[in-house]
Each structure stands twice: as C-alpha cells, then as structure tokens.
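Dear colleague,

Please find below the structure that I am handing over to you.

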Amino acid sequence: MSAPAVHSLWTTAAEPISKIDAPKIEYGQLSPTLIVVGAALIGVLIEAFVPRKSRYYAQVFVSVVALCAAFAAVVALAADGYGTTKAHIAAMGAIAVDGPALFLQGTIVLAGLVGLFTFAERRLDPVAHGSRVDSFAAQAASVPGSDSEKAAVKAGFTTTEVFPLLLFAISGMLIFPAANDLLTLFVALEVFSLPLYLLCALARRKRLMSQEAAVKYFLLGAFASAFTLFGIALLYGYAGSVSYARIAQVVDGTVTDVDPALANTMGNDALLLIGGAMLVMGLLFKVGAVPFHMWTPDVYQGAPTPVTGFMAAATKVAAFGALLRLLYVVLPGLRWDWRPVMWAVAIITMLGGAIVAITQTDIKRLLAYSSIAHAGFILAGVIATSKDGVSSVLFYLAGYSFVTIGAFAVVTLVRDPGGEATHLSKWAGLGRRSPLVAAVFAVFLLAFAGIPLTSGFAGKFAVFKAAADGGAVPLVVIGVISSAIAAFFYIRVIVLMFFSEPKPEGPTVAVPSPLTMLAIGMGVAVTLVLGVAPQYFLDLANQAGVFVR
Amino acid sequence: MENLIAPLIAAPLLGAAVLLVGGRRLDRVGHWIGTLLSTASFVFGLILFADLLGKNAEHRTLTQHLWTWISVGGFQADVTFRLDQLSMTFVLLITGVGSLIHLYSVGYMEHDERRRRFFGYLNLFLAAMLLLVLADNYLLLYVGWEGVGLASYLLIGFWQHKPSAATAAKKAFLVNRVGDMGLSIAIMLMFTTFGSFAFGPVLSHTGDASEGKLTAIGLMLLLAACGKSAQVPLQSWLGDAMEGPTPVSALIHAATMVTAGVYLIVRSGAVFNAAPDAQLAVTVVGAVTLLFGAIVGCAKDDIKKALAGSTMSQIGYMVLAAGLGPIGYVFAIMHLVTHGFFKAGLFLGAGSVMHGMNDEVDMRRYGGLRKYMPVTFITFGLGYLAIIGFPGLSGFFSKDKIIEAAFAKGGTEGWILGGAALLGAAITAFYMTRVMLMTFFGEERWKNQPTRSPEAPSAEPAAETRGEHSEPHPHESPKVMTIPMIVLAVGSVFGGAFFSIGDRFLHWLEPVTGHSEGDSPLSATAVTGATMVCLVIGVAIAWARYGRKPVPAVAPRGSLLTRAARRDLFQDDFNHVVLVRGGEHLTRSLVYVDHTLVDGVVNGTAAGFGGLSGRLRRLQNGFARSYAVSMFGGAALLVAATLLMRAV
C-alpha cells in the first residue's frame with residue numbers, strides 16, 4: 001500500500017461515519033433458495049421440538065412441501081421472464097437470476113425431490129427393534145441389529161436429521177450455479193459440501209466403508225477447496241474485485257475506474273492464469289473430471305446409496321452450472337488459454353472413465369466410473385463456447401440427473417441378507433427372477449449408453465453437435481469412441497441380467513414403498529419423454545441458454 | 001363413378017380380413033362370404049366397364065385419389081388409383097375368372113378343414129392383384145406386387161404338412177425376391193431420373209431421360225417381370241408351385257398373377273419404346289421361354305406340371321409380343337385374356353380329373369376317362385382346341401396375331417422370333433395333344449395298377465397324404481365345379497372371335513398402349529397357313545406316339561432331350577451349382593474373413609482396452625494420500641498448461 005493511500009485511510013476515519021445503506025435484496029427472485037433454507041431451518045426446529053414418533057412424517061412433509069414450493073417459485077420466475085428478458089443480477093451483485101440459473105435450479109430441486117423420496121424409503125430393510133429403518137445409521141458406532149444400535153434407537157437417536165442436511169445441501173447447490181461473485185461461490189460450495197460429507201458417513205450397513213468414504217471425501221474436498229480459495233485470492237489480486245462482471249472487465253481491458261490502491265498489482269496475467277486454473281480445478285473436482293476424480297468411486301461406493309444417487313446427480317448439475325458461468329461470464333476473454341487445457345481434460349476424462357469402468361465388478365463403482373465418463377461428455381459441450389453449448393449442457397444435465405437417481409434407486413432394491421447386493425456377479429439372471437426391475441434398470445443403462453429413444457441419446461447428440469459446431473470435431477470423435485467403449489460395460493450388465501443363469505443363493509428384490517417406486521417411475525418417465533420427444537425441452541434449454549453479465 | 005374403384009379392392013380385402021380374423025365361427029359360411037365378396041368386386045367391375053363404354057375413347061381414364069401416403073421433401077407417394085382400358089381389362093379378367101374359381105373351390109375344397117382360411121387367402125390375393133393393376137404409381141403397384149407374392153406363397157404352401165409344398169412355397173418366394181429386387185431398383189432409378197414414380201410423370205417424360213438410364217430401368221423391370229411371370233432365367237419356381245391346390249394353380253399360376261409381368265411391361269411401354277436394347281432383351285426372354293416351357297411341357301407325366309410348362313410357354317408368347325413394342329402390346333394383352341380363359345379352364349379340368357381320381361396326378365395312370373367324366377372331357381377338350389390354336393377358337397386369333405407381329409418386327413430378328421413362335425406353336429400342339437390323349441383316350445390304365453415303380457416321378461405326395469392305394473372310381477365332379485368349367489369353356493371358344501371381329505379389342509386398348517402395323521415380309525394368310533401346318537404336324541406326331549400306340553404305365557427311359565426336359569432342362573441343377581454352391585462359397589469365405597480379420601480386430605481392441613483398464617484401475621489404490629498427490633499433480637499440470645498456452 002502506498003503512502004497517499006494510508007494517509008487517506010487515516011483522514012476518512014476521522015470524518016463522521018456516513019450511514020450504511022441497507023442492502024437491497026430481491027426476496028421474490030431469491031425465493032427458491034430462501035424457501036429451501038427456511039425449510040431446512042424448520043427441520044432443525046422439528047428435530048428439537050417435535051415428538052420422536054412424528055418427526056419422520058413432519059420432516060418428510062416439510063421437505064416435500066418446501067421442494068415443491070421451490071420448484072413452483074422457479075417456474076413462476078421463469079414464466080415471469082426472469083430467464084430471458086428480465087434476467088438480471090440480484091442481491092447487490094451476488095446472485096444472478098437468469099436462464100441457466102433458473103433451469104439448473106429447477107433441475108436441482110426436482111432431483112432433490114426425487115432424491116428425497118429415496119431418502120425417506122423405510123421398507124427395504126426388515127423392521128429392527130420395533131421400528132422401521134432406513135438406509136442411515138442411528139449412531140456412528142452402531143452395527144445394524146446390534147445392542148448398541150438397539151440402545152441408540154431406544155434412546156431416540158433417530159435418523160431424521162438427514163432431511164435438514166439434504167435441504168441445506170440443496171440450498172447450497174441452488175446458489176452455486178447462480179453465484180455471481182467468487183465469495184458467494186465459495187460459500188455456496190461449502191454449504192452444499194459439508195452436509196454431503198456428513199451424509200456420506202451415515203450408511204447403516206457397511207459402516208466402516210461409509211466412514212472411510214466420508215473421511216476421504218472430506219479430506220480431498222477440503223484439499224480441493226483450498227485450491228479454490230487460493231485461486232479466488234489470486235483472482236482478487238488480479239482484478240481487485242471478486243465480482244464476476246468486474247473480473248471479466250479487467251480481463252477484457254475495458255475497465256476504467258481503477259482503484260489507485262490496487263493499480264500496481266492489477267492486470268498481472270500470471271495471477272489471472274494461475275488463479276483461474278486453480279478455481280477451475282476446484283470445480284473439476286466437484287464434477288469428477290480426471291485427474292481429480294479419484295474420490296468418486298470410493299465415495300460413491302461407500303456412501304448410503306440414496307445419498308450416492310442424489311449426490312451424483314445434483315452435485316454434477318450444480319458444479320457444471322458454476323463451471324459454465326465461470327468460463328462463459330468471467331473468463332470468456334481467456335478462452336484461447338483455457339480451451340486447449342479443457343480439451344485435454346475432457347479427453348482423458350471420457351477415455352479414463354470409460355476404460356477403467358470396463359473391469360469394475362461392483363455396480364456402484366461401475367456407475368461411479370460411468371459418471372466420470374459422463375462428466376467428460378458434458379465437458380465437451382462446455383468447451384463449445386456457444387449458446388448451443390450452454391443449452392446442450394443444460395439439457396444433458398436434466399436428463400442425466402434423473403437417470404442417475406433412478407439407477408441408484410434400483411440398486412437399493414437388489415438385496416441379500418447383508419444389505420444391498422452390489423457385486424455384479426450377484427446380479428446374474430436378475431432379469432429371469434425380477435423382469436420388471438431388470439427391465440427398468442436396462443432402460444437406465446441404455447440411457448447411460450446413449451441409445452436412441454432415451455434421454456441419454458438426445459443429450460449426447462446435443463452436446464456433441466454443439467461441440468462439433470464449435471470446431472471440436474476431434475473431441476467429438478474421441479467422445480463417440482468413448483461412448484462405444486462405455487456401451488460395452490452397460491450392455492454387459494444387461495446381458496448379465498437377462499442372459500445368465502440365476503445363482504441359487506442370489507439376491508432378492510425388495511418390494512419398496514411407493515416413495516422409491518415414485519422415484520424410479522419419475523426416472524423412467526423423464527428418460528423416455530426426453531428421449532422420444534425431446535424437442536420441447538431442447539427449446540426450453542435453448543431459451544435458457546444466455547447468461548446475464 | 002371413379003368412387004367405385006376403391007370398393008373394388010376393398011371388397012375382397014374385407015373378405016380376407018373377416019375370414020382370417022373371424023376364426024372358427026365362420027368355418028361353415030366362410031367360403032360363401034369369400035365367393036360373395038369376390039363376385040361383388042366383379043359386379044363393381046362390370047358397372048365401371050359399362051361406364052367406360054359409355055364414354056369417348058379419350059375419356060376412358062378414371063382416377064381416384066384416396067390420400068397422400070408419404071410426403072417427405074420432394075418425395076411424394078399417393079394412394080391413387082387409375083382405371084383405364086388396360087386396367088379395366090385386367091379387373092374384369094381377375095374378378096371374373098377369380099369369382100368362377102371361388103365357386104369351383106367351394107366344391108374342390110369341400111373336404112378340407114381349413115377351407116375358410118383358403119378362401120381368406122384367395123380374397124387377399126384378389127385384393128392385392130387388383131391393387132397391382134389399379135395403382136397409379138409404381139410404389140403402390142409394388143405394394144400389390146408384394147401382396148400377390150405373399151398370397152402366392154401362402155397358397156402354394158397351403159398344404160404345409162407336405163414338406164414338398166412347404167419347400168415349393170419357399171422356393172417361389174425366394175425366386176420372386178430376385179425379381180422384386182429388380183422392381184425396387186427400377187423404382188429407385190425412376191425416382192432419381194424423373195423425380196417421381198407416378199405413371200403420368202414417368203411415362204410422359206421418357207424423352208427427357210438418356211437412353212442408357214431408360215435401358216437400365218427397362219432391364220430392371222424385365223427382371224421383375226421374369227420373377228413374377230416365371231420367365232427364363234427366373235422360371236424355376238412355377239413347376240413346383242403346382243404343389244398348391246389346383247384352383248390356386250388355375251387362378252394365380254395360370255390366369256392372373258403370372259401375367260403381372262406382362263402387365264408391367266405393357267404398362268411401362270413408353271420406357272421400353274425409348275430403350276430398344278431393353279426391348280430386344282424382352283423379346284429374347286419371351287422367345288427362349290416359350291420354347292423352354294413348351295419342351296418341358298412335352299416331357300412331364302404330371303398333368304399339372306405339363307400344364308405349368310404350357311403356362312410358362314404361353315406367357316413367353318405374351319412377353320415376346322410385349323417386347324415387340326406397339327406392334328405387339330395389344331396382342332400380348334389379348335392373348336393374356338384368352339389364355340386366362342382356356343388355361344384356367346384346363347387347370348380346372350385337371351382338378352376335376354384329380355378330384356375323381358383320388359388326387360392322382362400321373363397321366364400314365366389315367367386313360368379313357370372321357371366315358372366317366374363327359375363334362376370335364378368336353379370342357380377340357382374345348383380348352384385344348386383353344387390353346388393349340390384350332391381355327392375359330394380363342395387361341396387361334398390371339399396366337400396367330402403374335403406370330404404375325406413377330407415376323408412384322410422385320411429383318412433377321414423378325415425371322416428368328418417368328419420362327420421360334422411358329423416352332424412353339426408346333427410343340428404346343430404336340431404336348432397338349434399328348435395330355436389329351438393320355439388322359440381321356442386309350443386304355444384305362446388306372447385299373448389293375450401294377451406296384452408303383454420307384455422312378456414314377458411325381459405322383460407320390462398326393463397319394464401318400466391321402467393314404468389311399470385302392471383303385472380309383474372316376475366320376476364326374478359336382479355342379480358347383482362343372483359350371484365354372486363350362487363358363488370358361490364358352491369363353492375359350494368365343495373370346496378370340498369376339499375380340500378379333502372388327503378389331504374390337506384393338507380399338508378398345510389402342511388409346512392406352514398405342515398400336516402400329518409392322519412391315520411384315522409375309523402376308524397374314526401365309527403366316528396363318530404356316531401356323532396351321534405346324535399345328536397339324538404337332539398333333540400328328542403326338543397321335544403317332546400316344547394315340548396309335550398304348551401308353552406305358554411306367555415312363556420309358558426316353559431320349560437325352562426327354563430326360564433333360566423331365567428334369568426341367570436342368571434348371572434346378574444349374575441354380576444349385578451356380579447360385580447355391582457359389583453363394584455357399586461366398587458366404588463361407590466372408591465368414592472366414594469375419595472370423596479372422598474382423599473379429600480379430602474387434603477382439604484385439606477389446607482385449608487391449610481390457611488390459612489398459614486393468615492397469616489403470618491399479619492407480620485407484622484406496623489411499624487418500626495417493627489421491628491427493630494425483631490431484632496436486634493434476635492441478636500443477638493444469639496451471640502449467642494454462643501458462644504454457646499463454647506462452648506459445
């Protein structure tokens with residue numbers, strides 16, 4: 001800091017304190033997030049004040065109502081034109097209300113709702129200690145069916161905290177793709193990450209694996225957050241601001257009113273490039289791109305399956321939303337620098353995910369690697385740097401999230417005495433014994449593989465088309481090759497289910513409550529509707545494809 | 001009035017639907033439903049015919065547009081029907097002869113428990129055949145074309161419990177596929193050449209297309225015609241198709257479906273007129289087939305196969321005439337109609353004989369039947385006189401015109417084609433006399449049958465299935481069968497004269513097909529005289545061999561030509577050696593390439609990725625520290641790469 005600046009600091013401090021203007025908050029435009037946060041807080045109060053017996057019902061009721069209300073709010077805002085003509089930046093420049101934000105928020109809320117149904121499932125495991133149990137542990141150290149769990153249940157350590165945790169995570173995810181300054185971005189990141197770390201540790205069965213997954217996720221997540229934060233600091237150093245618009249102006253060189261105190265450090269490209277790369281790295285960690293993907297299989301496998309499904313879907317939507325906004329709003333002036341790097345990341349992500357998935361033997365790990373490959377496909381759309389790129393990614397995310405939650409919901413149904421039977425060998429011949437469940441899972445697998453008449457095809461086609469139009473034809477070629485590799489292991493599971501002899505002591509398929517059925521049914525319905533008649537939704541995504549700056 | 005065209009097709013289609021979907025409940029009345037709807041179609045045809053006759057010759061084309069079938073960009077296909085003199089002629093033939101044969105089948109199939117289904121298929125055939133001749137574009141025609149192929153397949157294999165019938169149906173279907181390919185390629189060529197496949201745009205713009213393209217289209221149409229009309233080289237299925245019930249042979253494999261190829265060529269006359277090379281190919285195919293079929297017909301002891309050879313030969317005449325261009329179109333169709341009468345009558349007569357002879361088909365086990373079946377004898381005899389061209393009967397007028405037209409082609413070609421046609425007339429007289437003599441004259445060989453010799457060529461299946469080895473008791477067929485035969489016999493006798501006197505048929509059809517008198521080196525009288533001489537020679541030889549001498553009940557070994565003709569002039573051997581073996585070799589080598597090269601590459605790639613996957617997954621060792629290192633390395637690379645991008 002130079003001498004005159006210090007002087008001015010001293011002098012202003014001596015003057016009478018001017019009134020601080022109350023921040024102008026557009027509550028209506030932020031209502032989707034506010035509703036969910038409010039419901040989460042109510043959920044905490046429910047934990048404190050509602051009798052144990054009715055907590056579960058109260059929590060489910062509040063959560064469902066809140067998510068439905070949030071979705072209604074999103075739709076109302078979009079119908080009001082906030083996605084297109086009235087798009088603007090709300091909350092004193094902290095949060096953008098525009099097409100991509102609303103589209104992604106709608107997707108996240110719906111994914112959260114479907115995820116909530118799987119969270120609330122209480123009929124898959126047999127009744128223990130006189131009460132129905134769900135997928136979550138009553139107490140950290142208790143083994144299912146043990147005395148300690150019995151004691152925990154008797155003491156009333158029920159598992160209904162998962163609902164407020166879920167709502168907090170959703171609220172963070174709602175802000176994440178809408179964040180319009182770097183600090184809001186970081187706060188949102190932590191708001192949705194911390195509940196997820198916790199949720200990962202809560203599996204009722206395979207406790208150690210669940211805890212290990214949570215610790216790994218937390219450690220690596222914290223590590224990645226550190227990079228993100230450091231990147232934010234460097235960017236602030238570069239631009240003298242954390243506001244997206246301001247940084248973009250500095251990058252373009254169109255900024256006029258430079259604060260003299262920052263003039264010396266501003267515009268240092270090394271800060272910009274390093275900071276930008278680190279920030280992008282933090283987001284690539286969240287979407288699970290190679291080489292920042294290594295947490296994905298372990299965490300997906302260890303976390304309670306409903307959490308895995310929700311996380312795999314909603315985190316990806318939120319993180320890709322934030323990445324899009326970062327690359328399209330903050331760093332478009334830098335695209336000749338980041339595009340080649342993202343090319344490389346997309347290629348190794350697509351190929352890496354698809355290739356390693358070939359030799360997986362656990363269905364949850366298989367789906368984890370599949371999600372890595374899909375991250376690569378979506379990155380191809382991100383790289384297009386066009387409006388079509390944005391809308392194709394939005395469409396892809398919407399289709400993909402329902403397929404993912406549905407697929408993991410099916411995984412929760414296939415059980416043996418030790419809980420979910422996730423080893424692939426146990427799925428042999430499932431189609432003979434439970435044709436409906438196997439057929440539904442086959443639909444999801446075909447959607448993952450991108451077979452026509454499923455949402456996977458429409459999404460992949462849109463993304464690859466946008467990438468090819470953006471000049472990334474080699475990327476598309478590699479993407480198609482990866483799809484072919486990926487098709488192998490998806491189809492292999494179908495072959496295993498329908499064309500193998502069932503094992504004598506194979507798993508049974510639990511009959512779920514209507515909640516899980518609803519979740520799976522919505523998954524199938526969305527998958528087929530987006531696959532058979534995608535045009536309306538493509539148009540919707542296309543309308544929503546413009547960021548406000 | 002054009003609104004009556006659709007019901008014409010719809011009536012038998014409805015019959016097919018009702019009979020095939022209706023199930024057992026309709027077993028007792030099904031055959032009458034089928035006959036009624038077929039007759040209804042005939043009545044519609046008559047009404048339309050009367051309407052056409054009431055108009056001037058230029059205004060005798062009715063079109064009915066039902067709906068747009070396919071419309072994609074410049075590709076437009078309509079469901080539109082076109083009724084002109086040519087299709088009217090076919091409609092009357094199809095529905096008229098078809099209704100008679102429905103009636104006949106009521107008696108013929110009386111003891112078959114699947115009679116209802118049989119009538120359903122017959123109605124389906126009628127609908128498809130009517131669609132074929134009434135379509136206003138080639139694509140819709142193709143639908144009918146495939147439809148009659150399907151009906152033919154179903155009816156040839158109607159007695160599917162006999163392996164020979166099932167095989168024959170399959171054979172007919174496969175051989176027809178080759179022809180169908182020709183038609184589909186022709187339609188594609190038309191679309192690329194003319195941008196349409198409707199009759200109007202294609203046939204009136206042949207001047208705009210190059211002769212090469214028209215020749216290609218013409219040859220593909222000829223291939224299609226060869227398949228459907230059993231012309232060389234796609235003739236092999238027709239003989240085996242006689243495995244079907246005899247009414248089927250009469251309707252589909254003599255009177256109507258097999259003439260679809262002639263219809264196609266005459267309908268596409270404008271294309272052929274502008275492509276002389278394709279026309280020449282048509283005449284060659286016709287001439288070769290008319291001799292081929294006649295020679296095969298001479299050697300067969302199975303009455304239906306002898307008639308099948310004859311059918312092939314007579315259609316050869318029609319194709320020959322159609323290949324001659326405007327000189328011959330009218331006579332091709334005229335012969336087609338008269339042939340429809342007398343050949344259907346002959347087949348029904350053969351069926352009547354079989355009906356009275358325990359389904360025996362071997363003519364060497366017939367003989368002297370005229371006393372037992374007088375009506376059959378007389379109607380068959382009239383058909384016989386008509387087909388050999390006995391003066392005054394149908395065949396005389398129509399065939400004579402074709403021979404004249406062949407000579408009128410002019411030049412060496414004219415002499416060769418005319419000579420072939422004359423030779424064919426002599427052979428026709430020979431083999432038909434042979435059939436007549438072996439069946440109705442001579443000693444009664446069905447009495448005191450010796451044990452069946454293993455060489456007896458084709459008599460087994462029928463006798464085996466009925467399991468009757470007792471001596472037959474020949475008897476006349478019931479009225480429901482003889483009445484159609486009588487009606488057809490009347491047509492065989494008077495049809496030709498009716499058409500020819502005052503050139504009625506010529507004036508009727510000329511507006512559609514055009515007509516030109518050729519420049520014949522021989523006078524009409526000379527040609528007729530030559531034909532008569534050939535006829536007498538043929539009949540005389542046959543009398544000398546089968547009339548004067550007793551017919552041996554077991555076929556003698558015969559000359560080389562006889563043996564070749566018994567084997568259908570080695571058509572199946574040729575197909576087997578060239579096509580089946582060749583195809584097998586081709587597929588085997590392709591399979592080899594597939595197994596070694598393609599599968600090798602595929603499996604190698606898969607194994608490569610599998611191995612890579614096995615290596616890469618070891619990086620996922622479960623230690624958070626390793627993951628963190630990987631992330632750190634990745635971040636470092638990311639930063640370095642970004643900086644590097646700026647540097648370069």
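Helices (H or I, at least four residues) and strands (E, at least two) are DSSP runs, numbered from the N terminus. This is a predicted model, in which local features need pLDDT of at least 70 and side-chain atom pairs count only at pLDDT 80 or more, while totals for chains, interfaces and linings use all residues. Residues are numbered from 1 along each chain as its sequence is written, chains are lettered from A and ligands numbered from 1 in the order in which they are written, and side-chain values use heavy atoms, with hydrogens and water left out.

I begin with the interface. The contact (heavy atoms within 4.5 Å) takes 35 residues from chain A and 25 residues from chain B. The size of an interface is often given as the accessible area lost when the parts come together. Buried area is here the accessible area (1.4 Å probe) that two parts lose on being put together, summed over both. Chain A and chain B bury about 2700 Å² between them, and 75% of that area is on carbon and sulfur atoms.

Two salt bridges are counted between chain A and chain B; the term stands for a side-chain nitrogen of Lys or Arg within 4 Å of a carboxyl oxygen of Asp or Glu. A:D269 forms a salt bridge with B:R646, and their closest N and O atoms are 2.5 Å apart. There are also twelve residue pairs in polar contact between chain A and chain B, both residues being at pLDDT 80 or more. A polar contact is a pair of N or O atoms within 3.5 Å; within protein, one must be able to donate a hydrogen and the other to accept it, and residues adjacent in sequence count only if both atoms are side-chain atoms.

On the side of chain A that touches chain B, at least two residues each come from helix 8 (207-239), helix 10 (269-287), helix 11 (295-302), helix 13 (335-358) and helix 14 (363-383) of chain A. Helix 10 of chain A gives the largest share, eight residues. By class, this side of chain A has 26 nonpolar, three polar and six charged residues. Ala, Val, Leu, Ile, Met, Phe, Trp, Tyr, Cys and Pro count as nonpolar, Asp, Glu, Lys and Arg as charged, and the others, Gly among them, as polar.

I turn next to the cavities. A cavity is a set of points, on a 1 Å grid over the protein atoms alone, where a 1.4 Å probe fits but cannot get out; lining residues have an atom within 4 Å of a point. Grid points are joined across faces, edges and corners, and a volume is the space filled by probe spheres set on the points. The structure holds twelve cavities of 30 Å³ or more.

The largest cavity has about 90 Å³ of space. Its lining has 13 residues, and A:G276, A:A277, A:V280, A:W338 and B:T642 lie nearest its centre. Helix 10 of chain A gives the most, with five residues. The lining of the largest cavity has eleven nonpolar, two polar and no charged residues.

The second largest cavity has a volume of about 70 Å³. Among the residues that line it are A:H374, A:Y396 and A:K460.

Some local features remain. The peptide bond from A:V290 to A:P291 is cis, with omega near 5°, and A:P291 is in the loop between helix 10 and helix 11 of chain A. In chain B, the peptide bond from B:V232 to B:P233 is cis, with omega near 10°.

Yours sincerely

Definitions and conventions: 1 Å grid on protein atoms, 1.4 Å probe; cavity = no way out; pocket = protein on both sides within 12 Å on 5 of 7 lines; lining within 4 Å.
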